[in-house]
Amino acid sequence: MTTHAGPVHGTWEAAPATRWEDGYLSGNGHHGALVFGDPNDERVVVTHHTLVRPNSGERGRPPELASQLPQLQDRLLAGDVRAAEDFTDGRDLQWVQPFHPAFQIRLRRASGTGTYYRRSVDFTTGVTRAEGDGWDSRVFVSRADDVIVQQVTGADLTIDLDHRLPGAPHDLAVGHGAVLTSDGALLNLRARYPGSDRAYTGITLVIVTGGRTTLTPLGLQVTGAASALLLTRVLRHTGEIDVPTVSRALRDLVPQATCGSAAPQRGAGLYRKAAPPRGAASHNEPADEHQPTAAHPAERPLPDADPYTHLLDRHTALHRTAYTRVTLDLGADPAERALPGSELLKDPDSPAFLERLFAAGRYHLLSAAGLLPPRLTGLWTGDWNTAWSGAFTNDANVNLQTASAAAAALPEVTDALATLIGRQLPDWRENARAIFGARGAVAPAHSDGESGLTYHFSRPYPLHLWTAGADWLLKPLVDHDETRGERDPRTGDTLAEVALFYEDFLTRTDDEGHIVVVPSYSPENRPANASWGAINAAMDLSAARHALRTAAEYHPEKAEAWRALADRLPPHRINDDGALAEWAWPGLDDTYDHRHLSHLYGVWPLDEINPYDTPDLATAAHRALELRGAENDSAHGHLHHALVAARLRDGDRVAHALGQVLKGDFFHASLMSSHYPNLNVYNADAAHTLPAVLIEMLVQSTPDRLVLLPALPAAYPKGELTGIRTRFGAEVDLRWSPNQATAVVRPTRTHRVELRTSSGARPLDLVAGEDHVLTLETW
């Protein structure tokens with residue numbers, strides 16, 4: 001990584017990672033790689049979005065409670081504030097299947113004595129690199145070919161696949177295999193989960209240039225080689241997989257001019273050991289005593305072409321294009337931009353630190369999204385004991401992490417979220433039927449990526465009562481449709497299912513004829529004077545209104561009925577403190593000290609409450625924000641606070657909430673984040689959400705409004721944000737200084753919007769294909 005005039009799109013360190021949390025990350029939304037960068041004992045932890053450990057969650061079903069729903073509603077409406085505690089089938093809490101790593105690729109060599117060392121990650125390419133005297137290792141995960149690629153030069157190495165990572169089950173049934181090929185070797189590791197028919201297999205093709213390759217008890221020894229190229233894939237499966245077919249697919253990725261026969265040399269090597277019987281431990285398994293340790297003919301010629309460059313070019317064409325769409329420049333000192341990440345972490349007030357976190361956040365978010373959107377840990381972990389199962393937690397975390405997808409020009413993230421929703425929609429229908437006796441769809445609060453069924457709930461966390469999840473998960477997809485000016489039929493179809501649920505569920509009314517949402521749940525809080533599960537949570541009201549009205553926009557033939565239903569929902573309530581109440585039902589008191597801000601869902605991510613159209617409600621929402629505590633100082637709570645504050649034009653409050661994270665020791669040297677201060681619990685919330693906060697404080701949009709510099713903290717008096725996408729179909733570049741701001745608006749649609757700055761509002765007529773340059777003297 002080199003120092004240049006603009007922000008640095010990468011980070012570096014002068015020492016290898018000693019903790020997996022500090023390892024540099026690469027990923028393509030399917031496979032992930034966590035790289036230590038140790039020249040003497042290099043470790044690349046391999047992950048995959050599908051790797052979740054069976055724990056009975058794979059058999060989890062929603063509770064069959066629909067027949068009991070009318071009685072629960074009667075009791076709650078009659079004033080029984082503890083009624084929802086009985087709305088269960090008596091089960092114990094069942095966590096979803098926990099996410100876990102696959103194994104680590106280990107490359108050992110004799111300890112070197114060199115003095116030069118540097119490890120880095122280039123956000124524009126996704127390449128992590130460790131280099132030193134006599135050593136160079138580069139790793140990336142290809143978006144084009146779905147393979148982990150590692151090239152090592154200066155390679156006198158022992159290479160093996162090692163499943164022994166922290167927390168790995170002692171009875172994980174593991175078998176290793178190795179076979180020599182004409183130009184290297186093929187390694188595989190197969191692991192079967194205890195007491196399950198499910199397994200995963202990792203396969204690494206090793207192509208060696210020059211030198212000799214011999215088999216060792218758990219891998220291979222490479223001596224005198226110019227370089228080694230490793231290609232790795234992981235598959236989760238039941239039964240057996242066809243290893244030769246997978247290995248041929250890996251071989252086919254390499255240009256034919258660079259390698260010999262795709263088939264292993266007969267007699268050159270055998271699979272060392274089949275997977276042991278289910279439940280058998282296999283740590284440190286010796287090779288079969290009849291296994292030969294054959295060697296290749298010495299000194300193979302160098303290849304005619306460079307397969308690493310070929311693979312990198314294919315990958316970079318996709319990755320770089322996505323990553324470079326948006327950039328942030330805060331005018332940082334070039335000397336600070338040149339510092340390693342660990343040094344920037346010591347100066348949380350540095351603009352260079354925030355620039356790098358913005359860049360790293362977009363890089364990690366892009367890298368974690370593909371087959372699925374990011375989990376609680378993104379796409380990475382070096383430990384089998386992932387907090388909260390490393391799940392997709394839909395009542396705040398997934399939503400916060402994907403918050404910037406539309407504005408930050410990452411449709412790859414939106415597509416991953418759409419894929420998850422589409423795959424799980426049948427399960428969402430089953431949730432609606434089983435729990436509520438309704439048609440349509442209800443999203444779960446937790447998912448492992450395989451199942452969308454609601455089975456994770458308990459008395460203190462009655463998440464099965466939560467009905468707002470589908471709307472929140474669909475909001476980024478709606479934003480994406482607005483941004484591109486075209487409605488995805490998948491989004492429209494799912495919105496229709498959500499509206500159908502509300503048709504069946506919203507049947508109770510109050511004395512004034514308003515529809516009552518009962519039962520109602522505000523994640524993960526409860527009223528100060530009532531139990532979990534109540535009536536008319538503000539989030540439920542906002543979500544139902546938004547889902548019905550948005551579904552009406554996608555389906556004109558149903559618009560009248562769905563809008564009429566939305567109009568019958570009650571208004572929000574302002575409590576005696578002048579704050580927007582978390583429950584609109586009279587008599588339910590707020591619990592202020594809580595990490596979630598579910599009741600302010602109408603402010604962010606929705607546009608229901610804002611300073612322009614609903615100033616009284618915006619004032620009440622701001623009061624609610626003032627009264628909200630930080631509870632356990634979770635990163636997602638602080639940044640959620642900042643997002644709401646930005647919508648309410650409170651730059652000081654944005655700065656304070658952001659400062660709690662920047663100054664709270666939330667970021668590892670990898671620039672991935674933790675859930676709590678002091679690097680407690682590896683978690684992607686802060687890393688992935690921070691870009692959304694910075695965008696929201698600089699540029700906001702709706703289909704009919706552009707807001708510039710709504711909540712700029714004083715600490716960042718100058719800067720430039722480029723490539724932001726708006727929900728009215730324009731791209732915006734913004735540059736600001738203490739004296740002036742300039743915005744360039746590049747519309748793709750002809751449209752009139754309202755331009756909002758601190759000096760007021762005015763109409764802005766946009767013509768497709770014509771750039772508009774806006775100069776602001778005050779803001």
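At what angle do the axes of helix H14 (residues 635-647) and helix H16 (residues 685-698) cross? They cross at roughly 10° and come within 9 Å, where axes are lines fitted to C-alpha atoms, for helices over the stretch in contact, and angles run from 0 to 180 degrees between N-to-C directions. H14 and H16 are therefore roughly parallel to each other; angles under 35 degrees count as roughly parallel, over 145 as roughly antiparallel, 65 to 115 as roughly perpendicular and the rest as oblique. The contact (heavy atoms within 4.5 Å) involves residues of H14 including Leu 639, Leu 643 and Arg 647, and residues of H16 including Asp 685, Leu 690 and Glu 696. By class, the contact of H14 with H16 has ten nonpolar, two polar and three charged residues. Here Ala, Val, Leu, Ile, Met, Phe, Trp, Tyr, Cys and Pro count as nonpolar, Asp, Glu, Lys and Arg as charged, and the others, Gly among them, as polar.

The model is predicted: local features need pLDDT of at least 70 and side-chain atom pairs count only at pLDDT 80 or more, while totals for chains, interfaces and linings use all residues. Residues are numbered from 1 along each chain as its sequence is written, and side-chain values use heavy atoms, with hydrogens and water left out. Helices (H or I, at least four residues) and strands (E, at least two) are DSSP runs, numbered from the N terminus.

H16 also packs on a sheet, touching strand E20 and strand E21 (705-708), and its direction makes about 80° with that of E20. This open sheet has four strands in the order E20-E21-E25-E26, with mixed pairing; two strands pair if DSSP finds at least two bridges between them. Strand E20 (699-702) and strand E26 (760-766) stand at the edges with a single partner strand each, so one side of each is left without a neighbour in the sheet. The twist averages 20° from one strand to the next. Strand E25 (residues 751-757) and E26 run antiparallel and are joined by seven bridges, with His 751 opposite Leu 766 in E26.

A further open sheet has five strands in the order E15-E22-E23-E24-E27, with antiparallel pairing. Its edge strands, E15 (327-329) and E27 (772-776), each pair on one side only, and the twist averages 15° from one strand to the next. Strands E22 (residues 719-725) and E23 (residues 730-736) are antiparallel and share five bridges; Ile 724 stands opposite Val 732 in E23.

Helices H10 (residues 489-505) and H11 (residues 538-554) pack at an angle of about 130°, with their axes 9 Å apart. H10 and H11 are therefore oblique to each other. By class, their contact has eleven nonpolar, three polar and no charged residues. Among the residues that meet are Leu 495 and Tyr 502 in H10, and Leu 548 and Tyr 554 in H11.

The loop between H10 and H11 holds Pro 519 and Glu 524. A cis peptide bond joins Val 518 and Pro 519, with omega about -5°, and the bond from Pro 523 to Glu 524 is also cis, with omega near -25°. Most residues other than glycine have a negative phi, and most peptide bonds are trans. Ser 389, in the loop between helix H6 (351-368) and strand E16 (392-393), has a positive phi, near 65°.
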